[in-house]
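Me: I have a model open and would like to go through it. Can you take my questions as they come?

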There are 2 protein chains.
Amino acid sequence: MDELIRPKVVILSQGDEVITGAIVDTNAAVLADHCRTLGFDVVRHMTVADDLDELVKVMREIDALADICLCTGGLGPTQDDLTVEAFASAFSKELLFDDEALRMMSEYFAKMNAEMAAVNRKQAYLPESATRIDNYWGTAPGFIDEGNTCRFYFMPGVPYEMNEMVQATVLADLQNHFEVDVPSLVTFRILGMGESSIQQLVNGIDIADDIRVSFRAGLPEIELKLLFPNSYDDALIQHWVDKIEAVLGHCVFAIDGLGHSVKNIADCVDQLMTEKQMSLNLLETLSKGDVSRQCHADWLVRSIIYPHPDDILLQYKTQQQTVSESLAIEIAQHELANTDTAISLVQLFDRVEDNKVTVYLAVVSKHYQRSMSQVIKGRGHRQQLIASSTTFNFLRKYLLDL
Amino acid sequence: MDELIRPKVVILSQGDEVITGAIVDTNAAVLADHCRTLGFDVVRHMTVADDLDELVKVMREIDALADICLCTGGLGPTQDDLTVEAFASAFSKELLFDDEALRMMSEYFAKMNAEMAAVNRKQAYLPESATRIDNYWGTAPGFIDEGNTCRFYFMPGVPYEMNEMVQATVLADLQNHFEVDVPSLVTFRILGMGESSIQQLVNGIDIADDIRVSFRAGLPEIELKLLFPNSYDDALIQHWVDKIEAVLGHCVFAIDGLGHSVKNIADCVDQLMTEKQMSLNLLETLSKGDVSRQCHADWLVRSIIYPHPDDILLQYKTQQQTVSESLAIEIAQHELANTDTAISLVQLFDRVEDNKVTVYLAVVSKHYQRSMSQVIKGRGHRQQLIASSTTFNFLRKYLLDL
């Protein structure tokens, strides 16, 4: 699409857990996504075991192949953590003891009220020419260093630590060291529509060839990404965004990349609750706490979970005999009257078949109430997740109209 | 470790969605797990984009490196599906039209009530020397063929089709073609002890050189894995397992691989609750529903969540002025008296500093009560996860003593 040469990136994951399939490598996808946003070209992902010879060999191969290597894993204190040793051996680097790294580790252990084991000292050895990447979220420092022609970034394999390090240090260093043609990325976050339906609707618009369209299907959120080449006209970007929003309609709950950013539907609701200074009282059934755990304690006052809707009929001594939207409203009103919150939200459900339920939602405040029902199919865990996101989306729409 | 030579496997995933991070590569983990079970040695995972030159290059590299290549993706009908072409080009194979493959595809489309597009014909071209892998679950046939020294297995990238093909054809072919040495894997699941402390304690035991030791650090669970060579003496496996269990003590909540299997601490509690036919009433605070959502509806009767402990002091009209273990017991007893469950579990907390809280837990049944407190440090989300697993572990120990 663009004429500029884009830096080539190899993503290297290491560790027995990944190579043996004991864990799925989510780090590689996260890093690849960052690279795309930066306008870099990921040419390979590679994963190798905790094996010194193999690591040395693969690092040399990457050095010959790419401009940038983003490497995760192998920085821990144990005997199977061999990254530093392998890098030093691959490019004939001396290892030096880094006092500051040791000091930070000691501080981290003190903060955690834990004793630092002798084996942790190993983690303070870094290649002589390396720039340490401070780790405030765990023990292992990361580091940046040059091979022969490739710039290597070493980060811990723990996704949380890796992510924090990327945000705090790695992205900035990548941008400083590599001049790139940064494309503009716009992400539509979508709920309540399948990937193929979205594809079909998007196919109906004749999107310009220089815009790259891609999908990322989660459960149940789906992302539609538009990647516009560098210095694409802002008005033209807005033109395409409007066109897509028009065909996808109310299924789009957020559009990221035009000055806005939300992480997911829970984050979207959090922003609205905070902005409107609301407080919430919640009753969950099918989602069994999955809504509550994602609510912020600043505005979630209380939540009750009844995994079995029958227990609710007993508890609320209602005259209604079955679970329904009107029962959900009755309970929400009852809860609102008995607590000191601005909004009361109730989720009920009724099992139709083994893999099919109807969810009933009601949300009530002093002046305004709303309810809905929806059929959810699939197995238990899937039902739980869809119930959870449907509840958040229902609350989002209510808040927007408030 | 063992004397037998284990076949070397490279797992190759291809496709723009994987390389750009648009999707997480779960196929690689699934295939790697099969290889471990078969006793094969996965030496690398590699992922490349839909680029012909790159594919040819990487297939030749793999041929030189491994005995087996398990490849997913790139078998579809569109212009960016280049696997067959790349393999033919890498090893100078002719492509032949496979009538049977076309017949099966036509049949599949007929079954789906869909018309077969002209582009699908492309999928019936296979290398002259290939053995077709029938696909009853989608359109693209897979195939098995030899490079120069490596046996290649090509499968679709759609996880469902890939899985079915592996079960129906690939596993049997692998077992027929490669004589292997199947190792035994034992996994210790650990809570309440850090990775480096575990390493230190394990270092204290002089574990035999032929046993491979590895770690997997989660938040907050940690796994310690022992891989024993094929036909290792059962009594000797038990000897080492006992030794390790002895040093790690009560932090081990499960040992997988000796006929037992649990997924995590919630699964462990689920097995105990079911076995003992218990029912639970729960009050959560800090974990904000993260315990409830992992409880099974078969035994979780009701759960209440108060994100703010102060609201509990008001709600329960207790004479106690502060949050404490004894308050947790008082509330648990109150809840037990007012509900029809066998066990009542209460989790309270007290904020010491911004990033430091004390959690108080009490569990009560008719005949037996227990309580504990624990300091948890770190940021909000970390506190929530640790509170959750600590609560499950507390309940687990209670159930074991019941």
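Me: How many residues of domain 2 of chain A are in contact with domain 3 of chain A?
Reply: Six residues of domain 2 of chain A are in contact with seven residues of domain 3 of chain A; contact means C-beta atoms, placed from the backbone, within 7 Å. This is a predicted model, where local features need pLDDT of at least 70, side-chain atom pairs count only at pLDDT 80 or more, and totals for chains, interfaces and linings use all residues. Residues are numbered from 1 along each chain as its sequence is written, with chains lettered from A and ligands numbered from 1 in the order in which they are written.

Me: Where are the bounds of domain 2 and domain 3 in chain A?
Reply: Domain 2 covers 184–261 and domain 3 covers 266–401; the bounds come from an automatic or database domain assignment. Their C-alpha centres lie 29 Å apart.

Me: Other topic: strand β14 of chain B, residues 300–305. How many of its residues are buried?
Reply: Five of its six residues are buried, that is, with 20 or more other C-beta atoms within 10 Å of their own C-beta, placed from the backbone. Strands here are DSSP runs of E, at least two residues, numbered from the N terminus.

Me: Which sense does it take with β14 of chain A, parallel or antiparallel?
Reply: The two pair in the antiparallel sense over three bridges; pairing needs at least two DSSP bridges between strands. Ile305(A) stands opposite Ser303(B).

Me: And how many bridges join β13 of chain B to β14(B)?
Reply: Five, and those strands run parallel. Leu280(B) has Leu300(B) as its bridge partner there.

Technical notes
Buried ≥ 20, exposed ≤ 12 C-beta atoms within 10 Å, placed from the backbone. Helix = DSSP H or I, 4+ residues; strand = E, 2+ residues; numbered from the N terminus. Contact = placed C-beta atoms within 7 Å.
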